Amino acid sequence: MTAVLRRSFVALHDRGFGLAIPCEAVHALAERRGGDDATVPSISTSLGLAPGGASRGSRLVVLGDGEACVAFAADEVLGVVEVDASDVLAMPELVRRTLPALLSLALVDGRSLVVVDAEGLASRGRSEEANDA
Amino acid sequence: MSAEASSRVVLPIEVGPVAITVDATAVREVLGPVAVTRLAGGPPALVGVLPWGGRAVAVLDVSTLVGIDEALERARTVVLDVAGAVVALPVDRVREPRVVTEERPSHASRVAFAPSEVDVDGRAHPLLDVAQWVGSLVGASA
């Protein structure tokens, strides 16, 4: 019997992009309330996929640990998905070189989600927070 | 003999009203319409990725070269391997491959990365140099 390696991701949608974040990188998920800080960046904007501007995302995805946590807004959290490691495809060189925050393509029930570099994203988020402070 | 040596097989494709050709020896597969995972923020021509043959391949939009409106959903998708880089081009129509024996510099082509042209059914078609195009996209990011 062959063991099948599986990976778990938090699947989400933001501004028309289907994204996947490795579960181990996600500290928390939360609803975004009306009075919450409007400066929380959109995850797709932080990845360079979407133009800037105020985010209307209703969910918060918190990455990192402890005081190093950083939050991003997303339109919708689809849930946790498990994917065979063989269904996580490395991005082609052109994508790796031009959009380095996008690591791979995860095939989930006939659709594809872009796996993001959560560590790099959190690091960028912390830098942006420091610059805004 | 010399004509044979200089012959080339091209695949005529159409994107909107624009008819061009690509080197047929680089074509790995012609698919129907496929679901493209959209990307943005990179070079304008890089519009997404799709799974093909157990790997993710970049989807490039030919319409960015010919100055027509972008449309991700096109009826056919041509998968090409150019110097080890596999890319997919959504197109509206794919015609039968043709053997062409005359290739000449293209002076009036409206299509970028098409330095030469060939005749298909008596009409000049730009010959898209996909390797040069892909190379420019990678080079621009360096």
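**Where the chains meet**

Between chain A and chain B, one residue pair is in polar contact, with both residues at pLDDT 80 or more; a polar contact is a pair of N or O atoms within 3.5 Å, where within protein one must be able to donate a hydrogen and the other to accept it, and residues adjacent in sequence count only if both atoms are side-chain atoms. On the chain A side, at least two residues touching chain B come from each of strand S7 (88-90), helix H2 (93-98), strand S8 (102-108) and strand S9 (111-116). Helices (H or I, at least four residues) and strands (E, at least two) are DSSP runs, numbered from the N terminus. H2(A) gives the largest share of this side, four residues. By type, the side of chain A that touches chain B holds 13 nonpolar, four polar and two charged residues; Ala, Val, Leu, Ile, Met, Phe, Trp, Tyr, Cys and Pro count as nonpolar, Asp, Glu, Lys and Arg as charged, and the others, Gly among them, as polar.

This is a predicted model, in which local features need pLDDT of at least 70 and side-chain atom pairs count only at pLDDT 80 or more, while totals for chains, interfaces and linings use all residues. Residues are numbered from 1 along each chain as its sequence is written, chains are lettered from A and ligands numbered from 1 in the order in which they are written, and side-chain values use heavy atoms, with hydrogens and water left out.

**The sheets**

Now look at chain A, where three strands form an open sheet in the order S3-S4-S5, with antiparallel pairing (two strands pair if DSSP finds at least two bridges between them). Strand S3 (26-31) and strand S5 (70-74) of chain A are at the edges with a single partner strand each, so one side of each has no neighbour in the sheet. Within it, strand S4 (residues 59-63) of chain A pairs with S5(A) over five bridges in the antiparallel sense, and A:Arg59 has A:Ala74 in S5(A) as its bridge partner.

Chain B has an open sheet of six strands, ordered S3-S7-S8-S6-S5-S4, with mixed pairing. Here strand S5 (residues 46-52) and strand S6 (residues 55-60) of chain B pair in the antiparallel sense over six bridges, and B:Leu50 has B:Val57 in S6(B) as its bridge partner.

Further along chain B, S12(B) and S13(B) make a hairpin with two residues between them, and B:Asp121 in the turn has a positive phi of about 55°.
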